[in-house]
Amino acid sequence: MTARVNQDNNYLETIDEKGKRIKRTYKKVTLLGNSSEIVVVQEGNYIEILDENLKRIKRFYKKIDDFLGASGKTFSVQVGNYAETYDENGKRLSRNYSK
């Protein structure tokens, strides 16, 4: 179970709740956020969902305006005037109008 994710230049590392490093890997990405089960990163217009061992679960193309948050195996992004929620496989679960 991932407690937090650190980004040090081009390295990502996951740390458990005891402060012990789970995994460290080299990735040229921007860390958007993480939950206890997934890590969400962005590379250009591509969104990547990684597990706690920083192995890719899904990668898909999506232009987003802002990252809203992650919880469990889902995450939310702002796309224009809509807040969209996706699961770990990149499937859109909901799309709500928001300003």
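Two strands count as paired if DSSP finds at least two bridges between them. Strands themselves are DSSP runs (E, at least two residues), numbered from the N terminus, while helices are H or I runs of at least four.

I am working with a predicted model, where local features need pLDDT of at least 70, side-chain atom pairs count only at pLDDT 80 or more, and totals for chains, interfaces and linings use all residues. Residues are numbered from 1 along each chain as its sequence is written, and side-chain values use heavy atoms, with hydrogens and water left out.

**Entry: S9 and S10.** I looked up S9 (residues 74–79) and S10 (residues 82–87), and they pair in the antiparallel sense over six bridges.

Entry: I traced an open sheet of four strands, in the order S8-S9-S10-S11, with antiparallel pairing. S8 (66–71) and S11 (92–97) are the edge strands, each pairing on one side only.

**Entry: S5 to S6.** S5 (residues 39–43) pairs with S6 in the antiparallel sense over five bridges. Val 41 has Glu 48 in S6 as its bridge partner. Two residues lie between the strands of this hairpin, and there I noted Gly 44 with a positive phi near 65 degrees.

**Entry: S6 to S7.** S6 also pairs with S7 (residues 56–61), antiparallel over five bridges. Here Tyr 46 meets Tyr 61 of S7 as its bridge partner. This hairpin has five residues between its strands, and Leu 54 takes a positive phi near 60 degrees.
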